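Hi everyone, thanks for coming. Please have a look at the structure on the screen, and then we'll walk through it together.

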Amino acid sequence: MPTDETTSAPDLGQLPDRVVPAFIAHWVVKTARSKEMIEWYGHVFGARVVHEDDQIAFLTWDHESHRLALVKLPPPLRHVFPLARLRRKTYGIDHLAFTFPSLEQLLLSYERLKNVGIKPVWSINHGPTTSLYYEDPEGIRLEFQVENFPTAQETADYFNSREFAENPIGVNTDPDYLLERLRAGAEEAVLLRRGAGTRPGTTQRANKRTITWKTL
Ligand SMILES: [Fe+2]
């Protein structure tokens with residue numbers, strides 16, 4: 001993707017000169033919808049419950065002992081905070097992002113989830129990433145993404161380009177169209193370009209026009 005650099009990115013070859021945490025281990029949600037959450041994470045991540053009692057459930061889907069813990073609140077409490085799922089639209093943590101190793105895997109996951117009725121609230125090529133945003137039953141937003149550039153350094157350079165300055169949010173995509181193109185033999189590198197997910201004859205929202213009440 002051609003970029004027109006305006007400022008220089010930091011050199012990411014320089015590692016921090018101190019001991020820092022190695023990786024994200026897990027997150028914990030206080031929920032009055034533990035049953036729905038366990039089912040949803042079971043569909044989306046293939047999560048398995050490694051322990052569950054009246055107070056808590058631990059779930060994992062990979063080498064970690066637990067990736068997600070649910071602190072169980074009494075189910076009637078779901079009615080006490082009707083606006084809780086709107087909080088992230090205005091303040092605090094907005095979303096957690098998860099990388100897929102390829103566009104094909106991201107899109108196959110999209111198709112699999114669509115077939116069980118789980119659809120993204122937003123599908124966009126941001127420029128640095130191609131992303132599908134989902135919301136769990138508590139309204140916690142998860143971004144499923146694939147990197148559009150092969151290295152973090154190239155992405156850092158893109159952040160400092162004129163193209164990014166002119167449209168820092170990206171262009172909405174039609175994931176079904178991307179999947180059709182992939183199955184028709186299009187190269188992933190081509191499909192990762194902004195605009196590649198716009199079906200001919202349609203227009204996709206770009207930059208600030210991608211932000212609606214649903215995607216906010
Ligand atoms: Fe993100």
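Let's begin with strand 6, residues 122–125, and strand 7, which pair in the antiparallel sense over four bridges. Keep in mind that this is a predicted model. Within that pairing, Ser123 has Leu132 of strand 7 as its bridge partner, and Asn125 stands opposite Thr130. If you are new to this, strands of a sheet pair through backbone hydrogen bonds, either parallel or antiparallel.

Now follow the chain around the turn. The hairpin of strand 6 and strand 7 has three residues between the strands, and Gly127 takes a positive phi near 115 degrees there.

What does strand 7 pair with on the way onward? It is joined by seven bridges to strand 8, residues 141–147, and these two strands run antiparallel. One of the facing residues is Leu132, which stands opposite Phe144 in strand 8. This second hairpin has five residues between the strands, and here Gly139 has a positive phi near 85 degrees.

Five strands form an open sheet in the order 5-8-7-6-9, with mixed pairing. Strand 5, at 95–99, and strand 9, at 171–172, are the edge strands, and each pairs on one side only.

Is Leu103 buried or exposed? Leu103 counts as buried because it has 24 C-beta neighbours inside 10 Å. Which residues does Leu103 contact, leaving aside neighbours within four places in sequence? They are Thr130, Val146, Leu182, Glu188, Leu191 and Leu192. Take Leu191 from that list: Leu103 and Leu191 are 88 residues apart along the chain, and their C-alpha atoms are separated by 8.3 Å.

For a contrast, go to Asn207, in the segment after helix 6 (188–191). Asn207 is exposed, with 12 other C-beta atoms within 10 Å. Its backbone deserves a look too. Most residues other than glycine have a negative phi. Asn207 is not a glycine, yet its phi is positive, at about 50 degrees.

Let's zoom out now. The protein has six helices and nine strands. Its C-alpha atoms fill a box of roughly 55 × 50 × 35 Å along the principal axes. Of the 216 residues in the protein, 21% are buried. Among contacts with a separation of 6 or more, 63% come from residues 24 or more positions apart.

How is the protein divided? It has domain 1, covering 23–78, and domain 2, covering 83–216. The C-alpha centres of the two domains lie 25 Å apart. Nine residues from domain 1 and nine residues from domain 2 take part in the contact. On the side of domain 1 that touches domain 2, strand 1 (27–31) and helix 1 (34–45) each supply at least two residues. Helix 1 gives the largest share of that side, five residues. Sorted by class, the side has five nonpolar, two polar and two charged residues.

One last item comes from a record. An unreviewed UniProt entry carries the annotation "domain: VOC" for residues 23–147. In the model, that span is 19% helix and 34% strand, and its end C-alpha atoms lie 18 Å apart.

Conventions. Residues are numbered from 1 along each chain as its sequence is written. This is a predicted model: local features need pLDDT of at least 70, side-chain atom pairs count only at pLDDT 80 or more; totals for chains, interfaces and linings use all residues. UniProt positions are given in the numbering used here, feature names are shortened, and annotations may be inferred rather than shown by experiment. Domain bounds come from an automatic or database domain assignment. Two residues are in contact if their C-beta atoms, placed from the backbone, lie within 7 Å. Ala, Val, Leu, Ile, Met, Phe, Trp, Tyr, Cys and Pro count as nonpolar, Asp, Glu, Lys and Arg as charged, and the others, Gly among them, as polar. A residue is buried if 20 or more other C-beta atoms lie within 10 Å of its own, exposed if 12 or fewer, and partly exposed in between; C-beta atoms are placed from the backbone. Two strands pair if DSSP finds at least two bridges between them.
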